[in-house]
Structure formats: structure tokens, C-alpha cells
Amino acid sequence: MIAPEALEYARLANPASAFLIYAVVQLCALHYGLAYVRAIALGFLAGLAALTLGEAWLWVPGLDSLALTLVNLIIYGLASYCFCVFMTLNVSALRIRIMVELKHRPDGMSMEELLAEYNADAIRKARIERLLANGQIVCRGGRLFLARRHLLPLVLFIDGLRLLLFGKRDL
Amino acid sequence: MNILVLGMSAFAAGFALHALLSRWCLAWRRPGRLLLAFALAYAIIWVGLWTAPQVVSGLGLVALTSVRWLHLALFMCTLLAFYFLFYMGVIDDSPTLTVIRMIWRQGAKGMEEKHLHAFFTDERFLLPRLAYMEQKGMIRLEGGRYRLAKGGERWLAWLGPIQNFTRMGRPG
């Protein structure tokens with residue numbers, strides 16, 4: 001039987017330790033060469049499994065305990081999202097990529113050299129190719145169409161938030 | 001139950017304050033100001049709860065113990081961190097979501113790729129970032145060539161160990 005106060009501390013530590021498991025598994029998966037998205041999924045599932053086990057072990061019947069489980073799930077989910085965004089910055093953020101490139105070039109880069117590597121055309125082509133490859137969009141008769149709509153709710157949510165915060169959808 | 005209700009209420013209060021200030025004044029749309037708006041809302045609620053615990057019991061919630069205060073703080077900080085990062089995506093156009101938005105707005109007739117050229121320009125993507133990095137001391141322009149500056153070295157010193165361990169972020 002766990003003392004009530006110790007139980008409360010354990011409930012507090014549970015999402016934090018689950019998040020640590022997520023981060024460590026994701027980092028190790030990337031280190032051992034697993035594809036980026038798979039590493040995220042593997043880490044997230046490992047952390048979620050740890051969180052679920054912890055919550056089940058520390059479970060006390062009642063509404064308060066249920067609410068605490070919900071809070072811990074939210075903490076874990078949102079902290080994982082933040083870590084995922086931070087890791088993605090390492091891969092795709094233009095500013096980071098430019099700084100890494102300049103670090104490897106002690107003689108620096110001219111604007112022309114930078115534009116040759118990081119121009120808007122290259123960014124556009126890479127996005128279109130990726131969206132075509134994963135079936136989000138299709139090309140028919142030289143025109144692009146939306147094939148899958150699961151990113152659309154996010155787009156509409158962002159548009160709604162912009163409308164609420166700034167009074168317009170397009171910035 | 002008290003952590004869930006109080007945490008979500010504090011977040012809603014922070015969001016409402018930020019939305020109000022963003023509509024009122026352009027300067028409040030900067031991400032740094034978002035943190036200030038939330039800090040203000042959080043502080044008011046925190047001090048209110050601390051000085052008047054009868055409010056908590058008045059809401060029908062169990063009084064907060066010291067560990068529950070910690071749990072509430074963790075919950076509020078996580079909500080704020082999430083919203084801060086999400087907000088960066090709201091004000092900074094994600095190229096992928098922009099493509100989806102532009103195609104969706106064209107409806108059943110679809111869209112020619114050339115229409116994306118108007119959005120994907122160096123003036124929108126590369127040049128403002130270079131100007132920002134130069135202004136913040138991450139890079140410097142010397143003799144017509146961009147070089148990594150002290151600020152950039154500090155950034156990479158933070159990110160370097162992670163990039164090396166995960167083998168990500170290498171040029172090429």
C-alpha cells in the first residue's frame with residue numbers, strides 16, 4: 001500500500017518519466033539509423049506505454065484520479081509535441097541549416113552560393129515532391145489536387161485562430 | 001479534478017488576454033509578448049489562489065496540497081510551451097500547410113504549380129531569415145560573404161551534441 005502523499009508524488013513524476021523515455025528512445029532510434037518519422041512514433045509509443053502502465057499501477061478509483069490521468073496524458077502529449085518540434089528544427093529549419101553549412105565553410109558563403117543551395121524554388125519543389133510522394137496531393141493534367149484531407153483540419157484551425165487573433169486569415 | 005479545472009481555466013484566461021491584446025495592438029503579436037500575456041494571466045490566477053484558497057473550495061474543488069501545486073505548475077507550463085510553439089506556426093507560414101491551403105482554396109478545378117511561384121520567393125523565405133540572423137548576431141557579412149558569428153556558434157554549441165548523436169542536420 002502506497003502512502004497517499006507518495007502516491008501524489010508518483011502521479012506527478014509519471015508523465016515526466018514517460019516523457020524522458022520518449023526522448024531517450026527517439027534519440028537512440030535516430031542514432032541507430034531509424035527513419036525520422038519512425039523514430040518519433042517508436043519513442044512516442046514507448047513513452048505512452050510507460051505512462052499507461054504507471055497510471056494503471058497508481059490508479060485509485062474515483063473522478064479525481066480519472067481527472068489526474070487526463071492531466072498526465074495531456075502533459076505527456078504536449079511535452080512530446082514540443083520535443084518533436086525541437087527535433088524537427090534540427091532537421092528542417094532553414095536558419096539552423098544555414099548556420100550548420102556556414103560552420104563547415106570557414107571562408108563563408110556569398111549570397112549567390114546561399115541562393116544556389118537554399119532558394120525558394122528548391123524549397124517549393126521539395127515540398128511538392130514530398131506531398132506527391134506521400135499521397136497528400138495528386139497531379140492530373142498538369143494541375144494539383146488535394147488527395148488526402150487529414151492536414152486540412154489543421155489548416156482550417158490555423159486560419160480560424162488567425163481570424164480570432166488578428167482579424168484576418170492571411171498574414 | 002482541481003488541477004484539470006484550474007490549469008485549463010488559467011490557460012483559457014491567458015489565451016483570452018493574448019487574443020484581446022493581439023487584436024488591440026500589433027506589437028502584442030510578437031511571440032515574446034505572448035509569454036508576457038500568459039505570465040500575467042498565470043500570475044493573477046496563481047496569486048489569487050494562493051491568497052484566497054477559499055475560492056478553490058468555493059468552486060467545489062479539493063484544496064491544493066504542495067504536490068498538487070507542483071502538478072498544476074507543470075500542467076500550466078506544458079500548456080504554455082505547446083501554445084507558444086503552435087503560435088510560431090500560426091504566424092510563420094509553414095510551406096507544407098501553405099501548399100495544402102492554396103490547393104484547397106482552388107476547389108475542384110485544382111491548381112497549376114506555377115501559381116505557387118508567387119508565394120515561394122526568395123524575398124519571403126531566404127532574405128528575411130538572413131536579415132534576422134545578421135541582426136541577432138548569428139551570422140555576419142564580411143567582404144560580401146556570410147560567415148558564422150559568435151551568436152550562431154552559441155546556438156550550434158547547444159544543438160551540436162544532439163545533431164552529432166542523432167546524425168541529423170549535416171549539410172548536403
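The contact between the two chains takes 65 residues from chain A and 64 residues from chain B, where two residues are in contact if their C-beta atoms, placed from the backbone, lie within 7 Å. On the side of chain A that touches chain B, the largest share, 14 residues, comes from helix α3 (residues 63-92) of chain A. By class, that side of chain A has 43 nonpolar, 9 polar and 13 charged residues. Here Ala, Val, Leu, Ile, Met, Phe, Trp, Tyr, Cys and Pro count as nonpolar, Asp, Glu, Lys and Arg as charged, and the others, Gly among them, as polar.

This is a predicted model, in which local features need pLDDT of at least 70 and side-chain atom pairs count only at pLDDT 80 or more, while totals for chains, interfaces and linings use all residues. Residues are numbered from 1 along each chain as its sequence is written, and chains are lettered from A and ligands numbered from 1 in the order in which they are written.

Chain A has 7 helices and 3 strands; helices (H or I, at least four residues) and strands (E, at least two) are DSSP runs, numbered from the N terminus. Along the sequence the pattern is α-α-α-α-β-α-α-β-β-α. Chain A is more spread out than a compact globule, because its radius of gyration is 22 Å, well over the 16 Å that the globule rule gives for 171 residues. That radius is taken over C-alpha atoms, and the globule rule is 2.2 Å times the number of residues to the power 0.38. The C-alpha trace of chain A spans about 70 × 40 × 35 Å along its principal axes.

Domain bounds come from an automatic or database domain assignment. In chain A they give domain 1 (4-92) and domain 2 (135-171), with centres, taken over C-alpha atoms, separated by 30 Å. In chain B they give domain 1 (2-92) and domain 2 (125-172), and 33 Å separate those centres.

Two elements of chain A can be followed across to chain B. Strand β3 (residues 143-146) of chain A runs antiparallel to strand β1 (residues 111-112) of chain B, and 2 bridges join them; strands pair if DSSP finds at least two bridges between them. A:Arg143 has B:Glu112 in β1(B) as its bridge partner.

The axes of helix α7 (residues 152-166) of chain A and helix α1 (residues 2-24) of chain B come within 7 Å and cross at roughly 65°. The contact involves A:Leu164, A:Leu165 and A:Phe166 of α7(A) and B:Ala19, B:Ser22 and B:Arg23 of α1(B). Axes are lines fitted to C-alpha atoms, for helices over the stretch in contact, and angles run from 0 to 180 degrees between N-to-C directions.
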